[in-house]
Amino acid sequence: MDTSMDAIKETILESWITSMPKKFIDFLNSQHHQLNHYFVSIHKHYRKREKQLPVFHFQSPELEYRSELVRWLKALQKELNFSTLSLHLSVHLMDYFMDNHMIAIEKLSRVALVCMLIAVSFEDLDGVLPSLQSLCEKIGHEFNRKDIIEVQGTVLKFYGFNIGHSTVAHFAHMFLAFIIDETDLEGMTVRSRGTLCVEYYEHALTVLNTLLDRCLMEVQYLKFEQSLVASVFILAIRKSLDLSPCWTKFLQFITGYSPEDLYPCIVLYNTLQSPEAQISVDHFKLSSSEDSGYTTSSSCNSPQSNHSSTT
């Protein structure tokens, strides 16, 4: 995104903000802090990092153990009360590391723990983790401190010590601020508009947390760019709120995804949902080839696979 596009986006966001009820904007600012500047700068950074991700090959020999590891990390999050962003980053780091290394089965939990330690240290600046020794006692594992430090060094080296990656959770929480469009509130009084916006947002956050929790278990979402998956989740939330259209022109602008771009990921989403929660694809089908206007993670510029063994 160049400087001129940043300026255009800031102008449009300013227009959106001034058009919405003050009560809702105050509420959003309490959640996101300086909403307009937050979105433009952070979204640009996240998209840049997303484009730098390596291709995910689904080639880990230990992929069958992934679900168990994710459930373990989710239990740790609940026990230790670290953030959703940290949990998603933990799983993200684990996924890509496993995809590029052969790991002895007995060492998988060690890798998962290290990925969690790194993610929490990056995302939760207040520091919610106990010491490594007390953590190992709490989770019932007797990890050797030297081994943990060695694995941590291996993981950090693999990522070039740059682990600020963007996940579905990162994008979804940003896009959620724009879940309500001014056209959704036409004909309402100013007072009812503000109240309804907050109610919609709180309902949307509840649904999003459910979708984010489920998506951690679905490795197939790694076929797509994480911002695309997050966009489909936002679309699904608008559907759950009975808001029409589900995908607004404003959401298309701020996410960068047209309805046609969303189609392949919607197809996957529908296979993982109950019939009543599925999204009709009639308005999202591609007008020409299935590759038109759609970018997967496999089309990112990325290094060649480094499927090596780890200690």
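Biologist: Is Asp 184 buried or exposed?

Modeller: Asp 184 is buried, at a relative accessible area of 12%. Buried means under 20% relative accessible area, exposed means over 50%, and partly exposed lies in between, with a 1.4 Å probe and protein chains only. This is a predicted model, where local features need pLDDT of at least 70 and side-chain atom pairs count only at pLDDT 80 or more, while totals for chains, interfaces and linings use all residues. Residues are numbered from 1 along each chain as its sequence is written, and side-chain values use heavy atoms, leaving out hydrogens and water.

Biologist: Which side chain meets Asp 184 in a salt bridge?

Modeller: That of Arg 238, at 2.8 Å from N to O. The two lie 54 residues apart, Asp 184 in the loop between helix H9 (168-175) and H10, and Arg 238 in helix H11. Arg 238 counts as buried because its relative accessibility is 0%.

Biologist: What counts as a salt bridge, and how many are there?

Modeller: A side-chain nitrogen of Lys or Arg has to be within 4 Å of a carboxyl oxygen of Asp or Glu. By that rule there are 6 salt bridges.

Biologist: Which residues are joined into one network?

Modeller: Arg 47, Glu 50, Lys 51 and Glu 225, through salt bridges that share partners. Arg 47 and Glu 225 pair at 3.0 Å, N to O. Arg 47 is in helix H3 (residues 35-51), and Glu 225 is in the loop between helix H10 (190-215) and helix H11 (226-240), 178 residues away. Both Arg 47 and Glu 225 are buried.

Biologist: Changing topic. How many residues of H5 are buried?

Modeller: 14 of its 16, so H5 is largely enclosed by the rest of the structure. From first C-alpha to last, H5 reaches 23 Å, close to the expected 22 Å (1.5 Å times one less than the number of residues).

Biologist: And which residue pairs with Asp 95?

Modeller: Arg 66, with a salt bridge of 2.7 Å, N to O. Asp 95 is in helix H5 (residues 84-99) and Arg 66 in helix H4 (residues 66-80), 29 residues apart. Asp 95 counts as buried because its relative accessibility is 5%, and Arg 66 is buried at 4%.

Biologist: How many helices and strands does the protein chain have?

Modeller: 13 helices and 2 strands, taken as DSSP runs numbered from the N terminus (helices H or I, at least four residues; strands E, at least two). Buried residues make up 51% of the 311 residues.
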